[in-house]
Amino acid sequence: MLAKRIIPCLDIKNGQTVKGVNFLDLKEVGNPVEMAIKYSQQGADELVFLDISATDERRKTLIPLVKEIAKNINIPFTVGGGINALENVEELLKNGADKITINSAALSNPKLITEVAKRFGSQCMVVAIDTKFVRNQHKVFSNGGKIETENELFSWAKEVENLGAGEILLTSMNTDGTKTGFAIDITKTLSELINIPVIASGGAGTMQHFEDVFTETKATGALAASIFHFNEIGIPELKNYLKSKNLPIR
Amino acid sequence: MNTVIIDYKAGNVQSLLFAIERLGFSAKITSNPDEISNADKVIFPGVGEASFAMNSLRETQLDLLIPVLKQPLLGICLGMQLLCKDSEEGDTKALGIFDVSVRKFPDSVLVPQIGWNQIYDLKSDLFKNIPEQTYTYLVHSYYVAKNESTIATTDYSEAYSTALQKENFFGVQFHPEKSGILGSKILENFLKL
């Protein structure tokens with residue numbers, strides 16, 4: 001049976017792992033390669049690396065970092081942040097990334113999703129969607145949550161699926177960093193609406209939160225950062241807990 | 001021992017190379033027909049789209065070379081699918097070593113299948129010391145039905161082939177280089193055949 005995935009996420013800024021709350025107040029939390037090795041050994045099912053560096057210096061640190069991670073881990077990993085052209089995708093895959101994720105570039109240039117899917121296959125094309133509930137609507141935000149777009153979550157997700165995305169990484173900006181649980185409502189609606197895998201992100205604080213998102217929604221992966229980075233929940237402990245709840249877990 | 005990884009611009013050859021190196025072996029990434037012909041082991045990787053990949057193979061005439069190779073060859077993911085007769089993906093005629101068509105998963109399941117799933121009914125030296133129901137990492141929208149060459153089975157919409165073998169040709173739908181310690185062991189088993 002296909003197992004539910006536990007996915008630690010490492011936000012990378014200038015070569016270091018950082019973590020914020022509600023997308024703000026960034027703190028450095030460690031070396032991404034060392035953290036990747038640790039999580040891989042602990043049984044993480046995948047890793048996600050999001051480069052949130054604001055400067056053009058980012059490419060200089062990102063590619064060698066991707067290569068170093070690929071050298072050292074034997075589980076799949078996804079890389080995102082600042083990807084806006086087919087060449088960026090090719091370079092990342094060539095250096096060891098297994099999948100790439102785009103967010104703002106998908107919003108400004110939706111046909112990039114199709115181009116990547118056609119060239120490298122849907123399976124490596126993850127579209128990340130950051131969403132916040134504003135004025136009674138689930139709106140999609142770009143540029144690391146800074147800019148509100150015209151798009152509404154569910155219609156955008158459907159469009160992304162039709163354009164050839166292989167997976168959606170759904171982050172609720174309302175719950176991100178709050179440790180109050182995943183946004184079950186939108187994750188449930190979205191995972192029932194589309195027929196590609198959904199990874200839930202934002203808000204994990206307890207092991208129960210993972211159980212809830214896997215039992216109440218059709219999400220096949222759950223992503224979290226701070227609880228793993230700050231050793232609040234260990235991955236082996238979490239996986240044992242979910243197994244004890246009869247969830248399919250590797 | 002001389003191992004080559006076929007480079008045809010479709011796939012994540014780098015992570016495969018790293019996985020081989022972690023096992024203490026080396027490999028050369030190449031599209032040179034002589035180097036491929038003279039290798040002891042050939043790995044035929046693939047992450048990508050079938051018709052694009054077949055076009056790349058045709059441009060370099062590797063589509064003619066691969067089927068006549070005599071040494072052990074391991075197709076991975078799309079590499080395994082391209083060893084089959086044809087694929088629904090891009091309505092592609094493939095290499096025809098395995099006489100079976102590659103089909104798309106039905107809408108009754110999430111497509112692509114992404115994640116860790118179990119392999120069972122393991123039948124080849126490729127799976128020496130690999131327990132039944134081992135989890136492997138899979139990422140794919142198209143699949144190969146069970147057939148006489150099936151050496152590993154996985155359940156997703158139906159019981160389908162996650163590995164194939166016919167003579168010197170092996171194929172795995174999962175990514176051994178991304179399937180943790182046991183995945184590495186499967187890769188090592190191939191390199192030691």
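Colleague: Where is D7(B) placed?
Modeller: D7(B) sits in the loop between β1 (3–6) and α1 (13–22) of chain B; helices (H or I, at least four residues) and strands (E, at least two) are DSSP runs numbered from the N terminus. This is a predicted model, where local features need pLDDT of at least 70, side-chain atom pairs count only at pLDDT 80 or more, and totals for chains, interfaces and linings use all residues. Residues are numbered from 1 along each chain as its sequence is written, chains are lettered from A and ligands numbered from 1 in the order in which they are written, and side-chain values use heavy atoms, with hydrogens and water left out.

Colleague: What about α1(B), how many of its residues are buried?
Modeller: Eight of the ten, so α1(B) is largely enclosed by the rest of the structure. Among the buried ones are L16(B), L17(B) and F18(B). Just after that helix, G24(B) has a positive phi of about 85°.

Colleague: New topic: T134(B). Which strand is that in?
Modeller: Strand β9 (residues 134–140) of chain B. T134(B) counts as buried because its relative accessibility is 5%. Leaving aside neighbours within four places in sequence, T134(B) contacts N117(B), Q118(B), I119(B) and L182(B).

Colleague: Over to the interface. How many residues of chain A and chain B are in contact?
Modeller: 38 residues of chain A contact 31 of chain B. The area buried between them is about 2,800 Å², with 56% from carbon and sulfur atoms; that's the accessible area (1.4 Å probe) that two parts lose on being put together, summed over both.

Colleague: What's the salt bridge count between chain A and chain B?
Modeller: One, taking a salt bridge as a side-chain nitrogen of Lys or Arg within 4 Å of a carboxyl oxygen of Asp or Glu. K178(B) pairs with D98(A), the closest N and O atoms being 2.9 Å apart.

How values were computed: Buried means under 20% relative accessible area, exposed over 50%, partly exposed in between (1.4 Å probe, protein chains only). Contact means heavy atoms within 4.5 Å.
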